[in-house]
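Work through these exercises with the model in view. Try each task before you read its solution.

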Amino acid sequence: MTQAEDDLGRPPPSGFVAASRNSPYTAMIGPLYEIPGDDQGRRGFWVLDRHINNAGIIHGGMLMSFADTLLGRAVSNSGAGMAVTLHMTTDFVGPAHLGDWIEGKAGVVRRTRTMVFVEGEIVTRKRLVMTAKGIFRRLARNRS
């Protein structure tokens, strides 16, 4: 497997490349992909065996993890600097299945001196799977 393929050797859709900044956690749940310089901060991944729950659909925890990375990337891309999730709400709208391509987009709604408010949506095959809203706390620049 290369960085540009999933566990089954499938490349991401056109325009997507392996995510450039992965934490150890996102590396574990991925591979995740992104479109460099995309205004909507689109990211995506293939639903793999390890993402499926006992009902045979994608696990809600995987979608929530992906949503958190999606919203966090929107905050980072906005120039807000490092920030941590204070609050996130999600609404599960529809299922995704093994082998589906999941794609999300997110954007900043409002930014204050210390907080960033962001919203996003996640789809598969043009069907809405989840919506998410988050509040992120900007971290101080000089950390000791």
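Two rings of Phe, Tyr or Trp (its six-membered ring) pair if their centres lie within 6.5 Å; planes under 30 degrees apart count as stacked, over 60 as edge-to-face and the rest as tilted. The model is predicted, so local features need pLDDT of at least 70, side-chain atom pairs count only at pLDDT 80 or more, and totals for chains, interfaces and linings use all residues. Residues are numbered from 1 along each chain as its sequence is written, and side-chain values use heavy atoms, with hydrogens and water left out.

**Exercise 1. Find the aromatic cluster.**

Task: Which residues form one aromatic cluster?

Solution: 
- Step 1. Search the whole structure for aromatic pairs; there are 4.
- Step 2. Take Phe16 and Trp101. Their ring centres are 5.1 Å apart and their planes stand at 75°, so this pair is edge-to-face.
- Step 3. Phe16 sits in the segment before strand E1 (17-18) and Trp101 in strand E5, so the pair ties together parts 85 residues apart in sequence. Strands (E, at least two residues) and helices (H or I, at least four) are DSSP runs, numbered from the N terminus.
- Step 4. Take Trp46 and Trp101. This pair is edge-to-face, with 5.1 Å centre to centre and 70° between the planes. Trp46 belongs to strand E3 (residues 43-46), 55 residues from Trp101 in strand E5.
- Step 5. Name the cluster: Phe16, Tyr33, Trp46 and Trp101.

**Exercise 2. Look around the cluster.**

Task: Are Trp46 and Trp101 buried or exposed? Which ring does Arg10 lie over?

Solution: 
- Step 1. Buried means under 20% relative accessible area, exposed over 50%, partly exposed in between (1.4 Å probe, protein chains only).
- Step 2. Apply it. Trp46 and Trp101 are both buried. Phe16 is buried too.
- Step 3. Check for a charge over a ring: NZ of Lys or CZ of Arg within 6 Å of the ring centre and within 35 degrees of the ring normal. Arg10 lies over the face of Trp46, 4.3 Å from the ring centre.
- Step 4. Turn to Asp100, in the loop between strand E4 (83-92) and E5. Asp100 has 8% relative accessibility, so it counts as buried.
- Step 5. List what Asp100 touches, leaving aside neighbours within four places in sequence. The contacts (heavy atoms within 4.5 Å) are Phe45, Trp46, Val47, Thr124 and Arg125.

**Exercise 3. Step back to the whole protein.**

Task: How many helices and strands are there, and in what order do the elements run?

Solution: 
- Step 1. Count: 2 helices and 7 strands.
- Step 2. Read from the N terminus: β-α-β-β-α-β-β-β-β.
- Step 3. Check burial. Buried residues make up 37% of the 144 residues.
- Step 4. Check contacts. Of those between residues at least 6 apart in sequence, 58% join residues at least 24 apart.
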